[in-house]
Amino acid sequence: MDIDKSWKPILQSEFEKPYFKELEEFVQFEYAQNTCYPKEEQIFSAFDHCSFDDLKVVIIGQDPYHGVGQANGLCFSVNDGIKHPPSLVNIFKELQTNLNQSIPLSGNLERWADQGVLLLNATLTVRAHEAGSHQKKGWEQFTDAVIQRISEEKEDIVFLLWGGFAKKKGKKIDRTKHSVLESGHPSPLSANRGYWFGNKCFSEANIFLKNKNLDEVMW
């Protein structure tokens, strides 16, 4: 498993820990024996599309999509030509009302990642059609470390924490150095209860970046 070179000095100590060696062996075995997502070369897509130097926003997801052709290594994102999953539909609806934008045809969020948005799932791999099948194998420890290093090494990052899982995952973020915007999860269950729509996270993120003289994200 290989990762963009800008992240290597930040995460090298993590790669050398025993748990990560065990995680690598587990992932290699799973991909050899089962159909898993995303494709092996896309496991670290979130990092490959968003270098550490360009990073300005972090969005935390939970698990990759486990349906055929969906996952591309970026949380909430699907490959071009794939039907938008329910959470992504609600993300785009909020984007439409918040920024008066038309809903994109493609659910591929590489365009966000390429602007410095780290679309980080807590678990980076999954077995086909088995949600959560690669949880508690080491990925969560690794992504906790990623979030901690970002919090320590960077300043003025916007963290978008959607739902209880992401809020718990981001509880150690240094809020004196960074902007942490919390809301409900965009899943239909949460959104339909009024915990998602109207949170204005996209405009709020850009207001913070603009005030820090940083380029806004073209959502």
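I took helices (H or I, at least four residues) and strands (E, at least two) as DSSP runs, numbered from the N terminus.

I noted that this is a predicted model, in which local features need pLDDT of at least 70 and side-chain atom pairs count only at pLDDT 80 or more, while totals for chains, interfaces and linings use all residues. Residues are numbered from 1 along each chain as its sequence is written, and side-chain values use heavy atoms, with hydrogens and water left out.

**Entry on the helix pair.** I looked up the packing of H4 (residues 86–99) with H9 (residues 201–211): the angle is about 60 degrees and the axes are 8 Å apart. Axes are lines fitted to C-alpha atoms, for helices over the stretch in contact, and angles run from 0 to 180 degrees between N-to-C directions. On the H4 side the contact (heavy atoms within 4.5 Å) is made by Ile91, Glu94, Leu95, Asn98 and Leu99, and on the H9 side by Cys201, Phe202 and Ser203.

**Entry on H9.** I listed its buried residues as Cys201, Phe202, Ser203, Ala205, Asn206, Phe208 and Leu209. Buried means under 20% relative accessible area, exposed over 50%, and partly exposed in between (1.4 Å probe, protein chains only). Their cover includes strand E2 (57–61), H4, helix H5 (110–113), strand E5 (158–162) and strand E6 (179–183). After H9 comes Asn213, with a positive phi near 60 degrees.

**Entry on the core.** I took a nonpolar core as a set of buried Ala, Val, Leu, Ile, Met, Phe, Trp, Tyr and Cys residues joined through side-chain atoms within 4.5 Å. The largest has 67 residues, of which Phe47, Ile59, Trp112, Leu118, Phe142 and Trp219 touch the most other members. Helix H2 (residues 18–33) gives the most to this core, six residues. Leaving aside residues up to four places away in sequence, Trp112 touches, among others, Ile91 and Leu95, and also Phe202.

**Entry on the cysteines.** I counted zero disulfides, a disulfide being a pair of cysteine sulfur atoms within 2.5 Å. The sulfur of Cys201 has its closest cysteine sulfur in Cys75, 12 Å away and so too far for a bond. For Cys36 the closest is likewise in Cys75, at 20 Å, too far for a bond. Cys201 is buried, at 5% relative accessible area, and Cys36 is buried at 8% relative accessibility.
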